[in-house]
Amino acid sequence: MNESEDSLKKAVLFLRNEKLVALKTETVYGLACESGSSKAIKKVYNLKKRPLFNPLIIHVNSIDLAEKISVINDDSRKIMEEFWPGPLTLILTRKKNNLVHKFAVSGLETIAIRIPSSEFVLKLISKLNKPIAAPSANESGYISATDAAHVVDSFGEKVDLIIDSGRTEYGVESTILDMTTNPYEIKRLGVIDYKTIIKKLGKKVKNLNFKEKRPLRPNSPGQMLKHYAPKTPLRLNIDKPNLDDAFLDFGNKNTISHQPTLNLSKSSNLKEAAFNLFYFLRKLDKYSKKRIVVAPIPDQGIGKTINERLKRAAS
Ligand code: TXA
Ligand code: MG
């Protein structure tokens, strides 16, 4: 269904009845359920084939609602007021109550929360009057969904309701900032970079170190290495594709007429490249070529997030 008063009502009803609703957020599509329903949460894990130890992000519509389920200090409030609604998820100490079932947070003492900026989702949460748990709407390990058609491709009829709101604005997931550690720590690169956060906070923040060796089951699960991966083997930093490759190009320095080629951004705009990244990877994956090869992407700004996603997808 498209966004409308009708689909909004239906979505609220479905969530109340422990069903799943796929929704667009500004980052990627989410597979949403009511966060207090153990039955609906189990459905989400089953459908995604997601390991149970990998907790979900809880979406709220106000700092007040966040405060019912987490401990908020001056720093976290400052960050919330600056960046919410928006593509930033905070990991905070969890307050136990029946608004969020322990399955949604994999039994952890911490909880990941954000206020997304989609008006439809905000209205939905306020009508439901409860938080929603929503991981990205893709099979665990596969490329995230940035369009309703991707959700259909991944899950089809198995999702009770899909709200088609077109392509997502950013095309990559939210930044995750852990505020339960000292110093605070970026756990996932995203749209907002850590320098912007430091500027606001006036405190040191540890950035994500992609090269750091990760335990198999870290305290921040889901940070597992292999992720976002197409079925076709992916190779990075390649300017000249082979005959049987699909090519994901960037910028305009390669003047080849290779087929198939998709260009993340002909004008070398990294924001545009992030917007297209998962969308084009899904498209190229459909050709079932021997490899998908990707041109070098500048490692600056949101380009760092793009490269981190690509490295995981290729590992
Ligand atoms: O942009 C986004 O964040 C999207 C949209 C739908 O909001 N959601 C998303 O969810 O990317 P998901 O489930 O694909 O990624 C959530 C990440 C996982 O890596 C998970 O391990 C981590 O958040 N996470 C959740 N709760 C956590 C916690 N308490 N401590 C550490 N990491 C946590
Ligand atoms: Mg995901």
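**Reading the predicted model**

Analyst: Asn269 has a relative accessibility of 35%, so Asn269 counts as partly exposed. Please keep in mind that the model is predicted.

User: Where is Asn269 placed, and how far apart in space are Asn269 and Ile41, C-alpha to C-alpha?

Analyst: Asn269 belongs to the loop between β13 and α8. Along the sequence, Asn269 and Ile41 are 228 residues apart. In space, the distance from C-alpha to C-alpha is 38 Å.

User: Which residues of helix α2 are buried?

Analyst: Helix α2 covers residues 38–48. A residue is called buried when its relative accessible area is under 20%. In this helix the buried residues are Ala40, Ile41, Val44, Tyr45, Leu47 and Lys48.

User: Against which elements do the buried residues of α2 pack?

Analyst: Packing is judged here by contact, which means heavy atoms within 4.5 Å. The partners of the buried residues of α2 are β2 (29–34) and α6 (148–155).

User: Which residue follows α2, and what is its phi?

Analyst: The residue that follows α2 is Lys49. The phi of Lys49 is positive, near 55 degrees.

User: Which residues other than glycine have a positive phi in the loops that contain Ser106 and Ser268, and are they buried or exposed, or in between?

Analyst: Ser106, in the loop between β4 and β5, has a phi near 50 degrees. Ser268, in the loop between β13 and α8 (270–285), has a phi of about 55 degrees. The relative accessibility is 23% for Ser106 and 40% for Ser268. Ser106 is therefore partly exposed, and Ser268 is likewise partly exposed.

User: How many salt bridges are there, and how far apart in sequence are the parts that Glu26 and Arg114 tie together?

Analyst: The count comes to 15 salt bridges. One of them joins the side chains of Glu26 and Arg114, at 3.1 Å from N to O. Glu26 lies in the loop between β1 (21–24) and β2, and Arg114 lies in strand β5 (residues 110–114), so the parts tied together are 88 residues apart in sequence.

User: Are Glu26 and Arg114 buried or exposed?

Analyst: The cut-off for a buried residue is a relative accessible area under 20%. Glu26 and Arg114 are both buried.

User: What is the N to O distance between Arg309 and Glu173, and which residues form the network of salt bridges that includes them?

Analyst: The side chains of Arg309 and Glu173 form a salt bridge of 3.0 Å, N to O. Arg309 is in helix α9 (residues 302–314) and Glu173 is in the loop between β7 (161–162) and β8 (175–178), so the pair ties together parts that are 136 residues apart in sequence. Both Arg309 and Glu173 are buried. The network consists of Glu173, Glu308, Arg309 and Arg312.

User: Which strands hold Asp245 and Arg291, and is each residue buried or partly exposed?

Analyst: Asp245 and Arg291 form a salt bridge in which the closest N and O atoms are 2.7 Å apart. Because Asp245 lies in strand β12 (residues 245–249) and Arg291 in strand β14 (residues 291–294), the pair ties together parts that are 46 residues apart in sequence. With a relative accessibility of 1%, Asp245 is buried. With a relative accessible area of 22%, Arg291 is partly exposed.

User: What is the omega of the cis peptide bond from Trp84 to Pro85, and of the one that joins Gln259 and Pro260?

Analyst: Pro85 is in the loop between α4 (74–83) and β4 (88–93). Pro260 is in the loop between β12 and β13 (261–263). Omega is near -10 degrees for the bond from Trp84 to Pro85, and for the bond between Gln259 and Pro260 omega is about -5 degrees.

User: Where is His227, and what separates its C-alpha atom from that of Ser144?

Analyst: His227 is in the loop between β10 (205–206) and β11 (234–235). The relative accessibility of His227 is 17%, so His227 counts as buried. His227 and Ser144 are 83 residues apart along the chain, and their C-alpha atoms are separated by 9.3 Å.

Definitions and conventions: Residues are numbered from 1 along each chain as its sequence is written. Chains are lettered from A and ligands numbered from 1 in the order in which they are written. This is a predicted model: local features need pLDDT of at least 70, side-chain atom pairs count only at pLDDT 80 or more; totals for chains, interfaces and linings use all residues. Side-chain values use heavy atoms; hydrogens and water are left out. Buried means under 20% relative accessible area, exposed over 50%, partly exposed in between (1.4 Å probe, protein chains only). Helices (H or I, at least four residues) and strands (E, at least two) are DSSP runs, numbered from the N terminus. A salt bridge is a side-chain nitrogen of Lys or Arg within 4 Å of a carboxyl oxygen of Asp or Glu.
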